[in-house]
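Please examine the sequence and the three-dimensional structure shown here. The explanation below leads through selected features.

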Amino acid sequence: MRHTRAPAMMFKMPFMPGSAGVRRRGAVRSEQARLSVLEASGRLFAEKGYDHLTIEGIAAEAGVSKQTIYRWWSSKSAVVADALIEDLLLPDHPVVPDTGDIRADLTAWMQSLLDLVAQPGNEGLVRSLVAAACENPDIGTRLNDALGITATVSTRIEAAVAAGQLPADLPVMEFVRALVGGFVLHTLERADPDPDVAERIVRALLH
């Protein structure tokens, strides 16, 4: 007697938590939450300035918990640094003009930076970014790349060298670091406002 083999049964795999589909949706939600935090930081910075930013306020504005923020960032400084990198904090950050007068151009650029940090509520911004960069060296590199400080200033210096306004053997990168360092040190000192400090720093480097 012949026996008919029963057809193989087809089983559908049950939905399991932690499957690839869940991870993908979780990743999307996580990225949305991350962007919400950075965008909220940008809005609050524009409204209140850096000194009045808090993790609690950012969380409330973004509609997330503080724990969600601390999953990605260790401090307010780190959040602000990432918002800057994503161009959500200072979308119109100062650039070096090119009027043909290198001394005037560098002075105007530095003065625009000093004016920015002198605005009410922004006194702690530079200190925060320095702290974030010290905490994580990669942040410093990414900030420099995102803001284009080294690139834009060095490009302007190189143009001045090519035009004969500066010595041909000028060490460009060392000059740029000294210029930016002068701004940072002046800000960290919390010195009283000085309308001539930008001109004096530039003059000291271009003597």
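The model is predicted: local features need pLDDT of at least 70 and side-chain atom pairs pLDDT 80 or more, while totals for chains, interfaces and linings use all residues. Residues are numbered from 1 along each chain as its sequence is written, and side-chain values use heavy atoms, without hydrogens and water.

An unreviewed UniProt entry lists residues 54-73 as "DNA-binding region"; such annotations may be inferred rather than shown by experiment. This span is 75% helix and 0% strand, and its end C-alpha atoms are 13 Å apart. Helices are DSSP runs (H or I) of at least four residues, and strands (E) of at least two, numbered from the N terminus.

There is 1 aromatic pair. Trp-72 and Trp-73 form this tilted pair, at 5.7 Å centre to centre with 55 degrees between the planes. Rings of Phe, Tyr and Trp (its six-membered ring) pair if their centres lie within 6.5 Å; planes under 30 degrees apart are stacked, over 60 edge-to-face, and the rest tilted. Trp-72 is partly exposed at 36% relative accessible area, whereas Trp-73 is buried at 5%. Buried means under 20%, exposed over 50%, and partly exposed in between (1.4 Å probe, protein chains only).

Leu-188 belongs to helix 9, residues 172-188. Because its relative accessibility is 33%, Leu-188 counts as partly exposed.
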